[in-house]
Amino acid sequence: MGDRYGESTRSSCNVGYIVNYKATLAFKGDENEERGNWGSKADFILSCLGYAVGLGNVWRFPYLAYENGGGAFLIPYFIMLALAGLPLFFLEVSFGQYCSEGPIKAWRALPMMRGVAFGMMGVSATISVAYNIVITYCIRYLVASFTTKLPWTDCDNDWNSKYCSLKFGDCKDAGLVFLENGTCVQPHTLTQDEMVIYGVEEISPGNYSLEGLVDPLEQQRVRPSEEYWTLEVRKEASSIGETGGIVWQLALCLLAAWAIVFFCLIKGIKSSGKVVYVTATFPYIVLVILLILGLTLPGHQEGIKFFVSPKIEKLSDPQVWLDAAVQIFYSLSAAWGGLITLASYNRFRNNCYFDSMFIAIANCCTSIFAGFVIFSIVGFMAHELNQPIENVVDQGYGLAFIAYPEAVARLPAPPVWSILFFLMLLTLGLDSEFAIVETVVTGLVDEFPDTLRPRKTWVLLGICVVGYFIGLLCVTEAGPYWADLLDLYGATFNLLLFAWFECVGLSWFYGIKRFQNDIRSMIGDGPVNFPVFYWWMLNWSAITPAVLTFVLVFNWANWSDPEHNGPFPPWARAIGWLITLATLIWIPLVWLYEFLRTPGSVYQRWRAMATPRPDWGPAVEQFRVEAWYVHLRNGTTMGGDLPPSAESRGHQTQDNFDNIEPREEYDHENYGKEKAFVNPSYTGE
């Protein structure tokens, strides 16, 4: 309720209620003493922003925008933000904040949907391993940047092959001829036939012209930054079946990555909430610096023009709308369980409405801003190489670890810019990894609070150790294949299904009106009664599920198995599908479990599956009482029951709620009947 009631109204309450009402606001420290709360609102905002703003904002969105119509791509992008991104973000943040529980325990609201939470946990656990491999690469490049000469700038290293693109030019500059076998020789050692083949002209005896020199490997040339990436950093094998040995440099960097995660989460949100002040803000500082740098470089205008020039005709392609929806969905990190987890540590009265809008919109604006930064540098690189921009631009790993490192090598003081860039990628990755790992830890601890909550640090340590040893498979010579297998099959259309079940479950089964009043009990009547709020209810119950259905159907209709350097072999694809199935199988298993565990007829079993548990509702007793009456005043029930102490206090303060706002009449004699109505399976025990 907070300050939304006027002073004159509060003064009309009797003394007993005033004492009780003030008690709800007079917390010393955390409201939720068992789980704790964020130290401040900024901790939550920055943690969510760091979770949502990840590596994809920098290396995926700019490429998608240029591929799908440039500036015209913003039209479907913002439409999908309004129809799917914002509603899902607001739904998950509200859901987690209301119950103050992790993803699994939160579904006491609708027991039949607990399988969705198990699936989210499975996805987060899988992706925590794959995502930390990317962080490992960032650490590897960051360490390599502390030098006077970046190691990917030439072709004179042990790892370079004869295909390295600078070798031909180096030979020619030295007055030598580059042969197909990779050696450089003096022109006079060539036969007449070889001179013709390689374009060498003998002007006079002992005097040769190399103007028409031919590069025999021109079509197979590879940039030195790409060879550094594949042959030195990852030492990539030719197939997933050629495991080879562990790349020890990456194994050490992986150990450092998991150690950082452990020590930053060792005190849960109390430690990670402070670390994000650096990890969530530093990328913005670097992006601003890089944009200023980019705008001073020749060719930046062409790069930015290439990024934003609208191609309206692209909007008729359904694939463009699919890409916009998928980018919004994955960029906001919806349906992973992380938003529910982070919001569960909020104070009950936190304005989750404002937070959701601010974070989601800031995330999307960051993607657009990063596009200007990246393409200003890409334009400079195209200018330097005298090539079309489309030949220079890349996405994903190619942009972060090949194209951009090559670009910074052409800048003044390249190690400085390389350090800044990879520090930015590192911090972008870490705060997302913090939230992913915290989701798994919180889900387990909240499910077994008596056993695991006192040992939360050990649970975190166990997850980090297991994650490290699984990750060792991803830093072998076949590691890049395994990392992509975990990533591409671990987080795929299963997340879209989880989001669909969330929307349908909370709006159709739990009840859209009840969910509205859950939010009302946290943020007050004003925002919820405002007509715009009905837009969110319409989205949750109809529009967002429809959009997700479109994306799913289109995704399945155009499905192609993920690849890495060509198709995965059948046995690897089978493992990939098992990873996906392991996250989806929980949904029908939980349905079956909930149906079989409940006695009674088919209808009674279904009713129990679709009815909140007695312990559902706000975790803190004071707020539980207030939420109970907020629901009663507005024609719904909270769903869960009040504990005995709260029941007694609730009866004592009933008349005080009459003084605050008009409400429906409440019959004390039928209190037990109301409980039975809220929970048909309630036995009075």
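Cys 253 counts as buried, at 9% relative accessibility; buried here means under 20% relative accessible area, exposed over 50%, and partly exposed in between, with a 1.4 Å probe and protein chains only. The model is predicted: local features need pLDDT of at least 70, side-chain atom pairs count only at pLDDT 80 or more, and totals for chains, interfaces and linings use all residues. Residues are numbered from 1 along each chain as its sequence is written, and side-chain values use heavy atoms, with hydrogens and water left out.

Cys 365 is partly exposed at 41% relative accessibility. Cys 365 takes part in no disulfide, and the nearest cysteine sulfur, that of Cys 364, lies 7.0 Å away.

Cys 155 is buried at 1% relative accessibility, as is Cys 164 at 0%.

The sulfur atoms of Cys 171 and Cys 184 are 1.4 Å apart in the other disulfide. Cys 171 belongs to helix H9 (residues 166-173) and Cys 184 to strand S2 (residues 184-185), so the bond ties together parts 13 residues apart in sequence. Helices (H or I, at least four residues) and strands (E, at least two) are DSSP runs, numbered from the N terminus. Cys 171 is buried, with a relative accessible area of 4%, whereas Cys 184 is partly exposed at 34%.

Methods: A disulfide is a pair of cysteine sulfur atoms within 2.5 Å.
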